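Hi,

Here is the structure I promised to pass on. Have a look at it first, and then read on for what turned up.

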Amino acid sequence: MLRLRVRRSVALAVLLAGSTARAEDPHDLFGVGKKPAKRADCSEPGSFGCPWQDDAFARQPFALSTWLPAAYLRRLPVADANHDAVAHYALGASRDDAGLSFAGATGLENRWSLDGAPIQSIRTGGAESRIPLTFLAGITVTAGGFAARDRTSTGGMIDATLVKGGDTHDVDATVWGTLYDDTRRRPFARQLFFLRRLVVDSEPAITASVVARGPLARALGGKLWYAAGVAPSLSPTKFTWTTARLIDADRNGTPDGLPGPPVTQTVLVTDETTRDYVVPAMLRTGLDRGPHALELTLYGQRTHSTRFLANATQQAGGLDRDDTVLDGIATYRATYARTRLVAQAAWHRSVHRERAHDDAAASLPQRLTAYIPSMVPDEPGLVELCRGSGAADTIEACAVPLGYFASGGAGPLLDLVGDRPTVTADVTHVASARHTVFAGATLEDARLATRARYTGGYQLRSLGETFFNAEQRYFHGECGDTPELPCNYASSSELTYRTRYAAAYLEDTWAPQKDLRVDGGLRWELMWVGPRLHFSNQLAPRGGIAWDPLGGGRSRAWASYGRSYVALPAGLGPTVIRRDPTVTDTTITLGPGPDDSARGRSVDHGPSYSVAEDISPMTQDELTAGIEVGLARTFRVTAWVQARWLRYGIETTGRGFDNPGREAGLPARRASELVAVEVATDPAGAFTLRAGYLAGKTLGNYLGPFDPRTGPILYDGLQFNGTGDDILTSGNEMGRLPTDVGHRLYVEADRRGTVGPVQLSVSTRLTLASGRPRNVFGDTDIGVIALLPRGGAGRGAMLSQANVRVAARWQGFDVTLDVFNAFDRGQATAVDELYTDAETRAIEGGGYEDLLWAKTTTGKEIGRRPAFGFPTGLQIPVSAVLGVHRSF
């Protein structure tokens, strides 16, 4: 198969490819010796380099907000990216494993919107509607400095703005082809043995985008317009399984190589290629009539993907997932000289379906075994390889030392259907020359319907073919506690979770003079999850002051304060409403006789955690201060500081769903401090430069809805669930959290010029960031504890990446070549942080060297897990994307 390998010399050549000057004017390409243009001023509203806006309807002047025009983003090496993949280009944003991170918040604490309508996941709160850049006019990313009118959470706000139709008909068509280098092979601990290992490689992919827009007709005394687009993408993926068995050549009853790396023999290599796809589509129409504007938007995306398990037969390990997302938005705007009204109704719907990849697995129960069974109907050759001729008969040649081996059916399947209607109204009124009043309200009512089931009706777990077997099923109604009593088995379990969000605000901006504004407001919010978790009176005061010290709109200096509350997703339902009821029937066989077997039953009715009656909402306070100066259509310099303090974290505890530390132990805390600086030149110029630096720290003991070790936990983690006071009061739980940004530097540059009849451009995005803080955990008898203070194992290696684009325009065609990770950096982005599973306690205030002397509660050495410190994530390898674009 074709693979791409890019050497450093090639990457350097790409960087220099656009440096050839036009033959007749070598100064043109680099802008040397040109006469200065006539100086521009800030008389035109919204001009680049003019941070102060006199428009009363504009955004508050103390927002930490970045406008990323799609036209600018598409000049950078972004290929066929969606908006969620480039939103972190904004100042103040970084990324964690869940998405965008702002000031210590996780990627599941943001508010995502499309033209003001919420589009984040109903289940998790993460990005769900992913809009292609070709559909967009731009992205507004707000990292802080929120006003009362802002519908935010404890992270940031990302609002995507779709394109509109203009006075002429335009068609924009682009095709991209992508080549990937081989996926990096993650190293494993030397002492570990895996019967099967799975490698996933991305095959050459293709994406196309067509966007059309323009006028429709004159209607109702106004102008009717349209915009439509589709951007299908096909991404084949190759899965390769390698099966190996242990060897005992000296027949001593011990696998060769132990206690070092075990000696293995590869006996089977199989592969399968799947075809994943995503098809986003947009259809818009609108009517502009004087001060009135009506917009109707329908956005949808259809996604298909396949997941495989490693330690399984191909039949049992395959799972197909289909996702459909629809957003319907109706927006009415009325803008008069002193008043503006915006009314919006939106509906976000998401449907997630799972099914067995292999049709033969759809009707079979999945069998999870701690061994290779004597019969594997879906892969009989495996039994021969493990137990037949050639396999060692003195040891278990195909041992399953970790977890289970899956065969038979595909196992657990989950279907989700989510709906979230939203209604919003906002009014802005210029009451006088000095006062502008803002008021508004919003209501969301989200429902998430879940359907969980097993292929074949149940799932089997077995520790031995004739020793221990457990069958797990769902049930409805009554189920007896013993096998002799009846139980109403069910093929599936269906539950519905509901959340409600409502808000109203009142805000006033006072302008005692033209270059000074004082803003203050109060926002009331209601956040309900199910019938018991009700936060009904969340009051969020927000305000700030802004000043134009240079005058003429050339600067702004500001300070702001604001309080915000977390937006809770419906995925919290299993924790505070109800879980799926399951029953497990067990059989233990100790001998061949009829009396040597024992049957048992374990019934889980699916109860949720109790919710503390006086639980407080998750609250965050923020302070910001900064300054921004610029020169109209020339450059802009921005610098600001930001501090956040999270109070009253919410989490499952030993006493139910509560504010940790309210009755015992340490409270849940998270505090962040950041400094951000950015220098940018006018993106409309022939040469564009944008460089930013972010430095900060995030300290605390509270992870929020996402744990990098386990994924989305949605406030149901293990850190406050310990059974003893040692875990609840240990000072080691406080320290640098995974979202601690450290230092982050980025440089974007774009240069355009002409060589003969060909217009050339070269652009790049260079990033350098601190590695994630590293921890040392222990999975002990009292829970998962921090053996050392959080972040006490230092930081991961610095992460650097260079993305480069070379583009040429000729005869109306644009040809681009984007190279990602051009120098093929391959640092670990995350490592295994579980040091031991012994019964031990935290080393209060200890250092890494103290682990050598650590003991268990019985005085023995704690031992170190072989996998500790091994990478669990690596930088993506080099890839290249060739694009062809044409506008009509």
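A quick definition to start with: a salt bridge here is a side-chain nitrogen of Lys or Arg within 4 Å of a carboxyl oxygen of Asp or Glu. By that rule R809 and D814 make one, with their side chains meeting at 2.6 Å, N to O. Please keep in mind that this is a predicted model.

While we're on that pair: which of the two partners is buried, and which is partly exposed? R809 has a relative accessible area of 33%, so it goes down as partly exposed. D814 comes out at 18% relative accessibility, so it counts as buried. The cut-off that matters for D814 is 20%, since buried means anything under that.

The search over the whole structure turned up 53 salt bridges.

R451 and D415 meet through their side chains at 3.5 Å, N to O. This one links distant parts of the chain: R451 sits in strand β20 (residues 435-454) and D415 in strand β19 (residues 412-430), 36 residues apart. R451 is partly exposed because its relative accessible area is 30%, while D415, at 7%, counts as buried.

R636 and E678 form a salt bridge as well, at 3.2 Å, N to O. R636 belongs to strand β31 (residues 635-647) and E678 to strand β34 (residues 670-681), so the pair ties together parts that are 42 residues apart in sequence. R636 is buried, with a relative accessible area of 19%, and E678 is buried too, at 2%. Both residues also belong to a network of salt bridges, which links R556, E628, R636, E678, R690, E748 and R765.

**Strands and sheets**

There's an open sheet of five strands, in the order β1-β6-β7-β4-β5, with mixed pairing. Its edge strands are β1 (65-69) and β5 (117-118), each of which pairs on one side only. Strand β4 (residues 111-114) runs antiparallel to β5, and two bridges join them. Across that pairing, S113 stands opposite P118 in β5.

Elsewhere, β13 and strand β14 (residues 292-308) run antiparallel and are joined by 13 bridges. V278 has T303 in β14 as its bridge partner. The two strands make a hairpin with two residues between them, and G290 takes a positive phi near 60 degrees there. β14 also pairs in the antiparallel sense with strand β15 (residues 318-335), this time over 17 bridges. In that pairing, R302 stands opposite T324 in β15.

If you plan to look at which way the side chains point, remember that in a regular strand they alternate between the two faces of the sheet.

**A nonpolar patch on the surface**

Which residues form the nonpolar patch on the surface? They are V171, V175, I206, V210, V230, L234, Y277, V279 and F888, and together they have about 690 Å² of accessible area. The elements giving two or more residues to the patch are β8 (170-180), β10 (205-219) and β13 (264-289). Take V210 as an example: it is found in strand β10, and at 41% relative accessibility it counts as partly exposed.

**Helix α5**

In helix α5 (residues 380-387), the buried residues are L382, V383 and C386. They cover an arc of only 100 degrees around the axis, which puts them on the same side of α5. What do these buried residues pack against? The answer is β9 (196-202), β12 (233-246) and β18 (405-408).

**One more residue: Q472**

Q472 lies in strand β22 (residues 468-479). With a relative accessible area of 24%, Q472 is partly exposed. L460 is 12 residues away from Q472 in sequence, and the two are 6.5 Å apart in space, C-alpha to C-alpha. Leaving aside neighbours within four places in sequence, Q472 is in contact with Y454, Y458, Q459, T582, V583 and T584.

Cheers

Methods: Residues are numbered from 1 along each chain as its sequence is written. This is a predicted model: local features need pLDDT of at least 70, side-chain atom pairs count only at pLDDT 80 or more; totals for chains, interfaces and linings use all residues. Side-chain values use heavy atoms; hydrogens and water are left out. Buried means under 20% relative accessible area, exposed over 50%, partly exposed in between (1.4 Å probe, protein chains only). Helices (H or I, at least four residues) and strands (E, at least two) are DSSP runs, numbered from the N terminus. The arc is that of the directions from the helix axis to the C-beta atoms. Contact means heavy atoms within 4.5 Å. Patches are made of residues with over 30% relative accessible area and no salt bridge: like charges are joined within 9 Å, nonpolar side chains (Val, Leu, Ile, Met, Phe, Trp, Tyr) within 5 Å. Accessible areas come from the Shrake-Rupley method with a 1.4 Å probe; for residues, only the protein chains shown count as cover. Two strands pair if DSSP finds at least two bridges between them.
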